[in-house]
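Please read this briefing alongside the sequence and the model, which come next.

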Amino acid sequence: MKKLESPALTITLENGAITELCAKGGKNLITKPCPFAELEYCTIRPAFTNEWIRPFPMKQPTFATYSKMEEREDGFKLYYTYNDAEIVLDFDVEIVPEAILFTLKSVETEGERPQVIRFAHVFLDTDGETVATGMSLDLHTMGISYPGLEENQAALVYDHFGYEGRSWAITAAKREDLRENMKKVTKQYVKDILWSDCGGAFSLDRPEINESYMMTFGAFLPGSLVLENVEEWIEMLQDIGITQVDFHGAEDKNFSFGDFEPNREIFPEGRKTFKKLVDRLHEEGIESILHTYSALIGKRSSFVTPVPDKNLGYNRIFTLADDISETATDVPILEDTADISLVLTSYYNSSTYIIWDDEIIEFTELGDHVLKGCIRGALGTKPSAHSKGTQGRNTKCAYYLFTPDVGGPLFDKVAKATAEFVNECGFDAYYFDALEGVWALEGMTLLRTWTAKFINKVAEYTGRSMPMEMSEMNHVLWYTRSRMNAFDYPRRAHKKFIERHAEINRFCQEKNFMTQNLGWWKMGENKPANTSHIERITTDIYDFFGRVAAANGFSMSFQSLSLYDWQKSEELKRSGDRIRRWEKVRLGQELTSEERALIVDCEAYMRPEGIYRASYTENIAQFVDGKASVCIDNPYGKQEPMLIRLETLYTKADAPSKQEKGGVDVDALVLASGVNIKETTTAKTDEFYMLDGTGANDLKTITSRTVTASIADEASPYGNAICFKAKAAKDIGVARFERIFETPIDLTGQYGCGVWVYGDGKGEILNFQLRSPRMYQCGLDNKIIEIDFVGWKYFELYESSDSKVMEYLWPYYYRHMNKDDEFTPLKYDGNIYEWNENMFLTDDPIERNPKHITSEKPDFTHIGYACVWMNNMPEGEECNVKIAGWHSFFTGTNEISDITVKAEEGNIEVKGTLPSDCIVEYSDGRKTAGLGEKWTDKNTPPSWYSSGAKGEVMNNCTASGMITLKPGGNILDISAKAPDGARLRVVCGVKEDKPVISREVK
């Protein structure tokens, strides 16, 4: 046994494990002992695996066996065996006032060296008055979790980078003192990580890090920020309450990734013009953020064209089998083309570009040992003849961008160019987007070290501490990172997504002591879209967003806003004013912690006299003979609603419709920057029956661990039915059956579905889900039915059910709540959980960002799976439902004209035509007074306005009148000129009788 004592903590090692870890005056924080060091023999997954051709063979990891510990005064040795060979780990120990430091001095063996070593492994109690954490002390020692209040902590080192000299600290303190200890460890003992007083344990001390920002995209999005419109942009930013601007490279159309050359079309003098723009923003107190794609290199970069850099990264070599001229479009190669894939995705490290000498050749087809349909002189390079035997480099690619070599000259050049651009133009902060794309250098296993190396290199060249954000997070990045958790915006389930985002932010802020961001939120035009995949972002959603930020103290971030859209959109201006109000409350610290707690978990509505609790009820009216009705609930006292919105929805269509796409694809700005917009295909002419001709024997069934399920064929009045039975032994668990389409189905335009269901009335839910094979798109199409009925019932399902999905636990979405391993995969195949064999979407269960539910969607030109899930089963009871006639149907736009809405008191008249994707709304929020004046009823009176599919004002559609809602249920009778089946969403917002926070809010 070896006991180590510092003024801050005591650690006891016994039999090769830490058995005791106590902060001064505190209890033992070890919840379960585990080996101090674990030696893993495994496959290091390479950067290029050719996974669409054949799965990469991953072997199960194996571990060395511990044998003994040998103590010495300033350290200890640990002995292990593997395949009859002895391995000795020699550790130095240093005692310092704040911590105990462990350094791996050497690894000695005559046998095979382990590929990975974890050491100083502890499982900690993080809930008490005293706490502890592990901290890396060098660039190559990675933690298995972030620094902070993480239960599972250990140093992680790789033989690839060398084991000797890798250091780790363990520090402990009272809970309120731990961050101060972490600051001291960072400043005094970290060796080669360039720490920043804007990052890690220091980030919470910098208030400017907690301000909100707006992205701008240069020529990619007309109306983005340039020097010519800077005055109008400043006014717009002030109207929204935004104090930072994030300059995104945007397909090299703002500046080029890699060399950071501004787009001369909008910055005529290059960096000189860019600096003038940044300086003007600074004069108004607006900071600038450089939004890079990290180490990745754009196709317009000088590192690519007109002469490609010799150090661009590549996966493999192709050898010319014969001479080719400068015009040849068929290129013969010695290598087998059967190992080449034309399937390219954001996350697949492969490209169709090959560098031969100083020419880039792009191939578009494949023949036997022939690259066909070649584009010569691609990307602005010069076509030239090449001789037999010449070797070409098939470039690495991530997010459709090139990579530099592995840690070589070009890697360094990109880091240096990044810092030079920042310093020359006067930027105030960095956002390192696509940082996870650095995996293309040497693969996912070594990603964390290479990301840390790149950030460290940029910080070194920058020469000053600057706030930094990143799209990737790991232990070492924590030291320089300033703010966390800007998620890509959702397209559906907006409020539920915001709730989940805030939950994750609170968790991370408590655990990792870092400022949190709520974003990236779309604040651009509302694009026309099919109703199943994209939902309009409305004024009450912006209110929700601002309220959550203010209640939790999170900064906000926005994207997709064009000055042109802002100027023509009443809806955006009202939404922007809501953000401004909440931002002023948040940054002005006008709310106490007690007041913030009152509005953390409820909708709220701000008035000059205070903040009210609020409720929004929506229902969908479906017209028959020009008439419809909805029930609107009012949980408060009698009142006129503070918000009413009428929105025409998509409905069933008789004919297929081609999905047209034109202009800038704003939805792709951040999620998949660099993706070429693909042409969509015309839908099939017939509705498709998901289970037609398919019996139970042809379907795959799977359950989570404690659920049993079965399916069987059964006749029904509506054709062959699948009888689906399931029983859950606990209060969680799921069952699923699935049809696999070996040839994916093209369902373009068929975004609705109909189905007959026989219910048992037990309250379970069924999720009718479609998805594509992984190589296309990773999203889901979810449509949920609650079984609160008995007998047969027909459903037509249009809108996404993603909000409902997020109320339950699933194998692909369980929110840190994997109770008793309920959702641990039943089948393990290497390191990959295949979709067609189980319930998982990725290599790891989804615990955090739910964007695969709310943001992504399937590729409806390639539907590969049709599933029916059962969830929310009563514990211990067998559920029994029948499903028949599940089929897709076409959806299309509609028009509703001359709408009248009548309540017991009052009525609303809408004159003119309201097409799909358009709204009429009664609300307040447009700021008509100057910024320095108070917001009052007088200068922001509630009023009606109409808003088109892109947010523009529709002068040919006007609304007037008002209704009064009594407490409880209110039946609204609606009449209109509308075809049978036309659908109208009705939303009403009401507020509590008295403010929950009663004081003037400016």
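Eight cavities of 30 Å³ or more are held in the structure, where a cavity is a set of points, on a 1 Å grid over the protein atoms alone, at which a 1.4 Å probe fits but cannot get out; grid points are joined across faces, edges and corners, and a volume is the space filled by probe spheres set on the points. This is a predicted model, in which local features need pLDDT of at least 70 and side-chain atom pairs count only at pLDDT 80 or more, while totals for chains, interfaces and linings use all residues. Residues are numbered from 1 along each chain as its sequence is written, and side-chain values use heavy atoms, with hydrogens and water left out.

**Second largest cavity**

- The second largest cavity has a volume of about 90 Å³, and its lining (residues with an atom within 4 Å of a point) includes E208, Q244, Y430 and R483.
- At least two lining residues each come from β18 (287-292), β26 (429-432) and β27 (468-470), strands being DSSP runs of E with at least two residues, and helices runs of H or I with at least four, numbered from the N terminus.
- The lining of this cavity divides into six nonpolar, two polar and four charged residues, with Ala, Val, Leu, Ile, Met, Phe, Trp, Tyr, Cys and Pro counted as nonpolar, Asp, Glu, Lys and Arg as charged, and the others, Gly among them, as polar.

**Second largest pocket**

- The second largest pocket contains about 1,300 Å³ of space, a pocket being an open set with protein on both sides within 12 Å along at least five of seven lines.
- Of the 45 residues that line this pocket, E618, E799, S800, S803 and R985 lie nearest its centre.
- β32 gives the most to the pocket lining, with six residues, and the lining as a whole has 13 nonpolar, eight polar and 24 charged residues.

**Helix contacts**

- The axes of α3 (residues 271-283) and α4 (residues 409-425) come within 8 Å and cross at roughly 55°, the axes being lines fitted to C-alpha atoms over the stretch in contact, with angles running from 0 to 180 degrees between N-to-C directions.
- R271, F274, K275 and V278 of α3 meet A417, E420, F421, E424 and C425 of α4, where contact means heavy atoms within 4.5 Å.
- The axes of α7 and α8 come within 10 Å and cross at roughly 10°, which makes α7 roughly parallel to α8.

Key: Angles under 35 degrees count as roughly parallel, over 145 as roughly antiparallel, 65 to 115 as roughly perpendicular and the rest as oblique.
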